[in-house]
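Q: Please take a close look at one part of this structure and describe it in detail. Which elements surround it, and what can be said about a few selected sites elsewhere?

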Amino acid sequence: MDLLSLSAVELGKAIREGSTTAVEATEAVLARIEAVEDRFHCYVTVDRAGALDKARIVQRKIEEGQLNGPLAGVPMAVKDNLCTAGMRTTCGSRMLDAFVPGYTAEAVENLERAGAVLIGKTNMDEFAMGSTTETSFYGPTLNPCSPGHVPGGSSGGSAAAVAAGECFFALGSDTGGSIRQPASHCGVVGLKPTFGTVSRYGLVAYGSSLEQAGPLGRTVEDCAAVLEAMSGGETGQRRKDSTLVSREDMDFTSALRPEVKNLRIGIPRDYFGEGLDRRVKEAVLGAAEVFRKNGALVEEFDLGFTEYAVPAYYVIASAEASSNLGRFDGVKYGFRAEQARDLQQMYRQTRSRGFGTEVKRRILLGSFVLSAGYYDACYLKALRARAMIKTAFDRAFERYDCILGPVAPTAAPRVGEGLSDPVRMYLGDIYTVSANLAGLPGICVPCGTDGCGLPVGLQLVAACFQEKKLLRSAYAYECLKGAGKCPEEKNP
């Protein structure tokens with residue numbers, strides 16, 4: 001049996017049936033990491049000994065009947081901004097290079113309780129600020145589908161690890177598209193839940209009102225099973241996070257039915273104008289045609305306020321980042337600059353040396369928009385734009401079950417393009433940030449390739465707490481079109 005060809009759910013079934021074991025699956029993943037990690041750099045930390053020890057414990061519990069869930073024994077990876085007790089959590093930054101938390105993020109804890117085996121921590125843009133996974137202190141991650149291109153970001157390490165077979169599923173975090181966009185660029189499935197569905201306890205804060213942890217996997221079924229486990233659907237929510245919403249409808253896998261008849265899908269005209277690559281447009285509209293031919297009602301409509309999404313997002317996210325990252329001052333934990341003459345100089349030198357260029361850029365922007373002279377003109381105006389965007393989506397969901405569109409204007413850029421033009425990198429989030437501003441769930445499903453063979457993803461967005469409707473739509477498309485696969489690797 002070729003274990004690495006299986007989805008997470010298929011592997012979990014094989015382990016339960018005795019066709020293989022958690023230990024064999026973990027060994028297969030570790031061997032794959034050893035073979036390809038030098039080429040793709042998906043991980044910051046790999047815990048080989050700890051993973052094998054955990055796999056042995058999980059296997060014993062499976063054999064004794066204590067674990068029988070769909071993910072028991074399945075190797076997973078976790079983005080390096082989710083805390084893990086005893087394993088360093090760096091956020092891709094020099095500031096936290098040696099930081100080892102004393103606790104584990106609740107989402108990770110829920111998955112481990114369900115029997116998933118943690119392999120290690122994946123590379124990411126520093127403090128999740130970036131769209132290419134090139135701003136990491138530990139160097140860039142490369143796209144397994146074409147190593148001359150970026151995997152997207154900021155969860156690029158997680159998406160690349162799934163695409164490269166270096167884990168069966170991974171966790172990422174999505175503040176403005178950081179799960180969906182790398183999923184699109186790497187040809188995998190990525191799911192951002194409704195804000196408040198997954199506990200943010202142990203997720204290092206960037207934009208606290210925007211970010212949610214979520215799964216990346218090979219199939220929609222994998223992501224549904226992971227979301228069910230990480231949100232506490234199997235073991236119960238522990239309420240360590242005040243933003244967590246108590247929900248009863250957490251059986252997400254029950255929604256997976258290959259039916260689209262009478263599904264109402266809206267396509268915003270605003271998403272298909274200037275700036276969208278022609279080949280991406282053709283792939284996404286081709287996916288819409290699959291829905292239409294199989295009985296879904298598909299029609300275009302005007303969403304509105306799209307042009308305000310990116311500026312509103314970057315004002316709000318940067319403002320929250322400047323507040324959240326104020327804790328990294330060299331006093332309590334993390335990197336500290338030595339030989340400073342006084343406290344103020346220590347602050348300045350610690351932050352100047354500990355933070356990278358992109359993080360400092362966003363801290364400065366956030367501090368500027370929150371300053372006394374610009375608070376009303378910038379920050380409050382962005383909050384008003386956010387409210388209008390949410391209202392526009394509410395009106396749309398009175399008519400439609402899901403909104404369909406692209407994930408990104410282009411397929412994966414070449415390495416170095418985003419860092420040389422930050423504004424272009426920011427505009428690459430134009431189709432994803434609105435879901436975060438409105439707190440909506442969104443999913444990326446592979447829908448084709450561009451003219452160079454790079455993956456292109458389809459984005460579906462649903463109303464708040466309508467993950468079941470979203471997963472049903474994505475699963476039906478996947479069944480009708482065939483599960484997306486990473487194209488054969490190309491030369492850089």
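A: Pro446 counts as buried, at 10% relative accessibility (buried is under 20% relative accessible area, exposed over 50% and partly exposed in between, with a 1.4 Å probe and protein chains only). This is a predicted model, in which local features need pLDDT of at least 70 and side-chain atom pairs count only at pLDDT 80 or more, whereas totals for chains, interfaces and linings use all residues. Residues are numbered from 1 along each chain as its sequence is written, and side-chain values use heavy atoms, with hydrogens and water left out.

Pro446 belongs to strand 10 (helices, H or I with at least four residues, and strands, E with at least two, are DSSP runs numbered from the N terminus). Its C-alpha atom is separated by 9.8 Å from that of Tyr477, which is 31 residues apart from Pro446 along the chain.

Strand 10 (442-449) is also one of the elements against which the buried residues of helix 8 pack; the others are strand 7 (264-268), strand 8 (297-301), strand 9 (402-406), strand 11 (455-461) and helix 16 (467-481), where contact means heavy atoms within 4.5 Å. Helix 8 itself runs over residues 278-293, and its 16 residues reach 22 Å from the first C-alpha to the last, close to the 22 Å expected at 1.5 Å a residue; that expected span is 1.5 Å times one less than the number of residues. The buried residues of helix 8 are Val280, Ala283, Val284, Ala287, Ala288, Val290 and Phe291. They cover an arc of only 150° around the axis, which puts them on the same side of helix 8, the arc being that of the directions from the helix axis to the C-beta atoms. An α-helix has 3.6 residues a turn, so residues three or four places apart point the same way. The face of helix 8 turned away from the buried side carries the exposed residues Arg278 and Lys293.

Just after helix 8, Gly295 takes a positive phi of about 105°.

Away from this part, Gln181 has its place in helix 6 (residues 180-186) and counts as buried at 6% relative accessibility. Once neighbours within four places in sequence are left aside, Gln181 is in contact with Ser131, Gly152, Gly153, Val407 and Ala408. Thr141, in the loop between strand 3 (117-122) and helix 5 (156-163), is buried with a relative accessible area of 1%. The side chain of Thr141 makes a polar contact of 3.1 Å with the side chain of Asn123 (a pair of N or O atoms within 3.5 Å; within protein, one must be able to donate a hydrogen and the other to accept it, and residues adjacent in sequence count only if both atoms are side-chain atoms).

As for aromatic rings, a search of the whole structure finds 16 aromatic pairs (rings of Phe, Tyr and Trp, the last by its six-membered ring, with centres within 6.5 Å; planes under 30 degrees apart count as stacked, over 60 as edge-to-face and the rest as tilted). The rings of Tyr375 and Tyr379 have centres 5.3 Å apart and planes at 45°, so this pair is tilted. Phe99, Phe127, Phe328, Tyr333 and Phe355 form one aromatic cluster.
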